[in-house]
Amino acid sequence: MPDTDTSDQVSADDWAAAMGEQATAEAKVQPADIFQPLGEGAKAAAMQDFDMILDIPVQLTVQLGRTKISIRNLLQLAHGSVVELDALAGEPMDVLVNGTLIAQGEVVVVNDKFGIRLTDIITPSERMRKLNR
């Protein structure tokens with residue numbers, strides 16, 4: 001009767017043969033080009049990828065202030081009505097990109113058109129801090 005402990009065990013020769021087969025199989029398989037190599041080529045590729053997003057349109061909104069008003073009062077508004085906002089005169093206005101606050105600024109008039117002069121840019125770390133509140 002054969003000893004089951006020794007028949008179930010793999011010998012050192014069997015391991016060596018299996019490792020040799022694995023090495024041969026790995027030598028035939030080429031790695032997939034999933035990741036870009038690091039270095040100057042990678043920087044150029046990243047800049048090319050960055051250039052792809054430069055023409056994507058975003059919505060820029062300049063917000064003077066906010067207020068809540070009932071529908072009754074809203075329907076009573078007429079030409080020349082004044083709506084009180086929560087912002088004070090001279091207070092910087094919020095500049096939002098796709099609904100996210102990115103800067104604050106002040107109104108300027110250039111060639112009879114309104115514009116905004118940016119006075120404070122919100123850093124990414126400040127935006128993250130506001131999200132955590």
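Biologist: How many helices and strands are there in the protein chain?

Modeller: Five helices and four strands. Helices (H or I, at least four residues) and strands (E, at least two) are DSSP runs, numbered from the N terminus.

Biologist: What pattern does the chain follow along the sequence?

Modeller: Read that way, the pattern is α-α-α-β-α-β-β-β-α.

Biologist: What sort of model is this?

Modeller: A predicted model: local features need pLDDT of at least 70, side-chain atom pairs count only at pLDDT 80 or more, and totals for chains, interfaces and linings use all residues. Residues are numbered from 1 along each chain as its sequence is written, and side-chain values use heavy atoms, with hydrogens and water left out.

Biologist: OK, the sheet. What is the order of the strands?

Modeller: E1-E2-E3-E4, an open sheet with antiparallel pairing. Two strands pair if DSSP finds at least two bridges between them.

Biologist: Which are the edge strands?

Modeller: Strand E1 (60–63) and strand E4 (113–121). Each of these pairs on one side only.

Biologist: What does the twist average from one strand to the next?

Modeller: 40°. Axes are lines fitted to C-alpha atoms, for helices over the stretch in contact, and angles run from 0 to 180 degrees between N-to-C directions.

Biologist: How many bridges join E1 to E2?

Modeller: Four, with E1 and strand E2 (residues 93–97) running antiparallel. Gln63 sits opposite Asp94 of E2.

Biologist: And how many bridges for E2 and E3?

Modeller: Five, again antiparallel, with E3 covering residues 100–110. Leu96 faces Leu101 in E3. Val97 faces Thr100 in E3. E2 and E3 make a hairpin with two residues between the strands, and Asn98 there has a positive phi near 50°.

Biologist: How many bridges join E3 to E4?

Modeller: Eight, and the two strands run antiparallel. Val110 has Lys113 in E4 as its bridge partner. E3 and E4 also form a hairpin, with two residues between them.

Biologist: What is phi of Asn111?

Modeller: Near 50°, a positive value in a residue other than glycine. Asn111 lies in the loop between E3 and E4.

Biologist: And where is Asp112?

Modeller: In the loop between E3 and E4.

Biologist: Is Asn111 buried or exposed?

Modeller: Asn111 counts as exposed because its relative accessibility is 71%. Asp112 counts as exposed because its value is 77%. The cut-offs: buried means under 20% relative accessible area, exposed over 50%, partly exposed in between (1.4 Å probe, protein chains only).

Biologist: What percentage of the residues of the chain count as buried?

Modeller: 7% of the 133 residues.

Biologist: What does the accessible surface come to?

Modeller: About 12200 Å², and 58% of it belongs to carbon and sulfur atoms. Accessible areas come from the Shrake-Rupley method with a 1.4 Å probe; for residues, only the protein chains shown count as cover.

Biologist: Switching to Arg127. Which helix is Arg127 found in?

Modeller: H5, residues 124–131. Arg127 is partly exposed, because its relative accessible area is 28%.

Biologist: Which residues is Arg127 in contact with, leaving aside its neighbours within four places in sequence?

Modeller: Thr100, Leu101, Ile102 and Ile122. Contact means heavy atoms within 4.5 Å.

Biologist: What share of the contacts with a separation of 6 or more comes from residues 24 or more positions apart?

Modeller: 29% in this chain.

Biologist: Last topic, pockets. How much space lies in the largest pocket?

Modeller: About 160 Å³. On a 1 Å grid over the protein atoms alone, a pocket is an open set of points where a 1.4 Å probe fits, with protein on both sides within 12 Å along at least five of seven lines; lining residues have an atom within 4 Å of a point. Grid points are joined across faces, edges and corners, and the volume is the space filled by probe spheres set on the points.

Biologist: Which residues line the largest pocket?

Modeller: Among them are Gln63, Arg66, Asp86, Glu91, Asp94, Leu96 and Gln104. E2 gives the most to the lining, with three residues.
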